[in-house]
Amino acid sequence: MSDRKSDISGWLVRPASWHLWVVLAAVLGAVVARTARLTSDGGMDNAIVVRAARVWLAGGSPYDDPHFLYLSSAVVAAAPWAAVPRGVLSVLVPVLVAGCLVGGWVCALRLHGVALRSRFAALGLIGLAAGFALFADLVLLGNWTATAALALPLAVLLLGRGRWLAAGLVLGAAVALKPLLAPMGLLFVFARRWRGLAWPAGVPAAASAGAALLLPDPAGFLTRTLPFLLRGDDGFVRLYEASPLAVLPRVGVPAVWTALLAFGMALVPQLPGVTWPYLEAGERRAFRDAVTLCVLAVTLAAHCRRSAGRGNDVGHSAGPGRGLVAVVSGTGDYAGGRQQGASRGNPF
C-alpha cells in the first residue's frame, strides 16, 4: 500500500506535460469567457463597487447605495475602473479575478514546497477551476474577495519565512480593499509581533481615513454602513448571507436552536455539476455556502488541535511566532527540514 502511495506521489510531483497546461488554459479561458458573455461591469459584485465610484466622481455619496459595504478606500481604488468602458470591464475584471485566484494557488504551492511545473500544480488548478463552484462564482461575480484569496496564502508564505513586516503590508493592502482578512491581525497579536501588526492595522486605517476626507460624507461607513450590517434586515443581502445564523431561520429553525444545529450539518459538496433540490437558484446558494463554511471551520479547528503540540515544539526551537505560523500553514516541520533547507539556500 505504501509503495502504491509513493508511486502516486511521485507521479504527481513530476513535471506536467504541455497537454495539461493546454487543458488548464482552456478551462480558465472558458470560465473567463463565460463571465464576459453573461455580465457587464465585470460581474454583479464588482458592479456595485464601480457604481459607487461613479457616484462619487459625479459628486454624490457612494454610501447612498446601502449595498455598498466596503471601506472608503475601496471607492478610491475603484475610481479608475469607472473610466473604463463596460465592454472592456466585462473582460478585464474576470481576467484579473482569475489571475488573483491562480496567484493564490501558486503561493499555496510554494508554501508547501510543491514544484510549480508539477502535475499536481496543473491538475489541482484544473480541479479548482472546473470542479469547485466557488472558484467560478468569484469570477462570475467579479467579487473582490479574490484579492483576499491571493493575499492570505501570500501572507502565510511570508510569515513562514519570518518576514512579518512584508506579510503585514500584504494583509493591510487586502483589508483596505475588502476587510475580510482583518481577523488575521490576531496572528500578530498572539505572536507578539507589534511592529508587524502596525501594517495590517495602519494601512487600511490610513487609507480609509484619507479616502473618507474626499467623500461628501466622510463618516458614511460608520453612520450608515455599520448600522446596516448590524441590523441585517435587508431582503437583498439576506439572500446571499451564508452564516448559519442567517440561513437556518430561513428554513424555519427557531432562533434558540440555531447555534446547536449550526455546526452539526454535513458538508454539501461545491460541485457545479451536482443539482441540489430547491437550491438551484443563485439566491439560495447561501445555504450551500453556509454548510461549507461550517465544515471548513470544524476541519481547521481539528487540524489546529492536532498540530498544537507540534507547533509549540517548533515555537520553542524557531523563535517567537514561528510555531503559530506552523500551525496555521500546516508546516509543523518548519524548524526541522525546512529551516535546514533554507540555511542551504533553498527555502523549500
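Helix H8 passes helix H9 in a left-handed crossing, the term for a near helix turned anticlockwise from the far one by less than a right angle, clockwise being right-handed. Helices here are DSSP runs (H or I, at least four residues), as strands are (E, at least two), numbered from the N terminus. The model is predicted, so local features need pLDDT of at least 70 and side-chain atom pairs count only at pLDDT 80 or more, while totals for chains, interfaces and linings use all residues. Residues are numbered from 1 along each chain as its sequence is written, and side-chain values use heavy atoms, with hydrogens and water left out.

Two packed helices are described by the angle between their axes and the distance between the axes. H8 (residues 145-160) and H9 (residues 164-177) pack at an angle of about 170 degrees, and their axes are 8 Å apart. H8 is therefore roughly antiparallel to H9 (angles over 145 degrees; under 35 count as roughly parallel, 65 to 115 as roughly perpendicular and the rest as oblique). Axes are lines fitted to C-alpha atoms, for helices over the stretch in contact, with angles from 0 to 180 degrees between N-to-C directions.

On the H8 side, the contact (heavy atoms within 4.5 Å) is made by Thr147, Ala151, Leu154, Ala155, Leu158 and Leu159. H9 contributes Trp164, Ala166, Ala167, Val170, Leu171, Ala174 and Leu177. By class, twelve of these residues are nonpolar, one is polar and none is charged. Ala, Val, Leu, Ile, Met, Phe, Trp, Tyr, Cys and Pro count as nonpolar, Asp, Glu, Lys and Arg as charged, and the others, Gly among them, as polar.

The protein chain comprises 18 helices and zero strands. Of its 348 residues, 41% are buried (under 20% relative accessible area; exposed is over 50%, partly exposed in between, with a 1.4 Å probe and protein chains only). Among contacts between residues at least 6 apart in sequence, 70% join residues at least 24 apart.

Most residues other than glycine have a negative phi. Aspartate 41, in the loop between helix H2 (18-38) and helix H3 (44-57), has a positive phi near 60 degrees. Arginine 192, in the loop between helix H10 (185-190) and helix H11 (194-212), has a positive phi of about 60 degrees. Aspartate 41 is buried, at 5% relative accessible area, whereas arginine 192 is exposed, at 66%.

Serine 73 lies in helix H4 (residues 72-82) and is buried at 8% relative accessibility. Not counting residues up to four places away in sequence, serine 73 touches Ala176, Ala207, Ser208 and Ala211.
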